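Colleague: I'd like a close look at one part of this model, with the packing around it walked through slowly. Could you take me through it once the picture is up?

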Amino acid sequence: MPSNNTAQDESGDRIPRWAATAGHQTLGQRLTAMGARLFRSATDPDKGEATPSWHVRQHVLRDYHAANLAAARTVSEELVRAGFNTGDVPYGYRARRVRVTPAGRRPRWRTRLLIEPVEASTVRIIFVWRGEDRLSTTEIRRRLAASRYPAPLDPETGEPGMWTVAMVRAILCNPKYLGRQVWGRTHLGKPTPQADWVWSEIGVHPPLVTAEEFASADRRSWQATASAGTLGALSIVLPPDRGRAA
């Protein structure tokens, strides 16, 4: 669960609460500006002050919520394009906190990704098993558990967890292993079109797999015809104008 100092944007990523409200009036300030009284006792005498209707209050609430979401999205996009990590740190990496000072604003702490050697090796073998050996995610999970590869840490306890098929799938479909940051892959828990994803430039952190390895691990690319070529598979995971760059 996000702390009191964080909020969730529309993609589900946690961002600083200041980012979601920076430069915007609070709900109370907005209602006050419209002449509303937030609290009124039943025993207060009626002084003829106008009280906003239910429809007005709902309109202000919707406007306030939309403004916060727009501000949060803008901040998240800026962070991703600058190469900073948002949301959870992917398995295979560790967070490195860096202090940045935006123009005209106070210093902020941001997160870059560094390789965790043992976990990074596990990520690579997962992609080999999937892309070259054509193993199912169930079989990959079994091999990982049997060989005692270190599982992702439990987010609540910080202790090593147990390998699950969902963990394997999450690794195989995470484009951050290409050495790029990406944001907006889901909205309210549902996948979004890849055309709507926000990408950073290449090389903002060390990649763990190549674009070819990433594409070959995607079951959809297994059905690609030989005439489609490598770029046909890469278009599954990379922006249309970035296919050759990777």
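Predicted model: local features only at pLDDT ≥ 70, side-chain atom pairs only at ≥ 80, totals over all residues.

In which loop is the place of Tyr149?

Modeller: Tyr149 sits in the loop between α5 and α6. With a relative accessible area of 28%, Tyr149 comes out as partly exposed, since buried would need under 20% and exposed over 50%.

Now for its surroundings. If you set aside the neighbours within four places in sequence, Tyr149 touches Thr122, Ile125, Trp129, Arg143, Leu144 and Trp163. Take Trp163 from that list: 14 residues separate Tyr149 and Trp163 in sequence, and their C-alpha atoms are 8.8 Å apart in space. Leu144, another of the contacts of Tyr149, takes us into helix α5, which covers residues 137–146.

In α5, the buried residues are Thr137, Ile140 and Leu144. Looking down the axis of α5, you find these buried residues within an arc of 55°, so they line one face of the helix. What lies over them includes α4 and α6. After α5 comes Arg148, with a positive phi near 60°. Why point that out? Most residues other than glycine have a negative phi. Arg134 is another case, with a positive phi near 60°, and its place is in the loop between α4 and α5. Arg134 counts as partly exposed, at 42% relative accessibility.

Helix α4 runs over residues 117–131 and helix α6 over residues 165–172; they pack at an angle of about 90°, and their axes are 10 Å apart. That angle falls in the range of 65 to 115 degrees, and α4 and α6 are therefore roughly perpendicular to each other. On the α4 side, the contact is made by Val123, Ile126, Phe127 and Arg130, which meet Val168, Ile171 and Leu172 of α6. Sorted by class, this contact of α4 with α6 has six nonpolar residues, one charged and no polar ones.

Across the whole structure, a search turns up six aromatic pairs. In one of them, Phe127 and Tyr177 have ring centres 6.2 Å apart and planes at 75°, so the pair is edge-to-face. This pair ties together distant parts of the chain, with Phe127 in helix α4 and Tyr177 in the loop between α6 and β5, 50 residues apart. Phe127 and Tyr177 are both buried. They also belong to one aromatic cluster, together with Tyr93 and Phe214.

One last stop, back on the backbone theme. Leu188 lies in the loop between β6 and β7, and its phi is positive, near 55°. Leu188 is exposed, at a relative accessible area of 71%, whereas Arg134 is partly exposed.

Methods: Residues numbered from 1 in each chain as written. Heavy atoms only, no water. Axes fitted to C-alpha atoms, helices over the stretch in contact; angles between N-to-C directions. Helix = DSSP H or I, 4+ residues; strand = E, 2+ residues; numbered from the N terminus. Parallel < 35°, antiparallel > 145°, perpendicular 65-115°, else oblique. Contact = heavy atoms within 4.5 Å. Nonpolar A, V, L, I, M, F, W, Y, C, P; charged D, E, K, R; others polar. Buried < 20%, exposed > 50% of the residue type's maximum accessible area, 1.4 Å probe, protein only. Arc of directions from axis to C-beta. Phe/Tyr/Trp six-rings, centres within 6.5 Å; stacked < 30°, edge-to-face > 60°.
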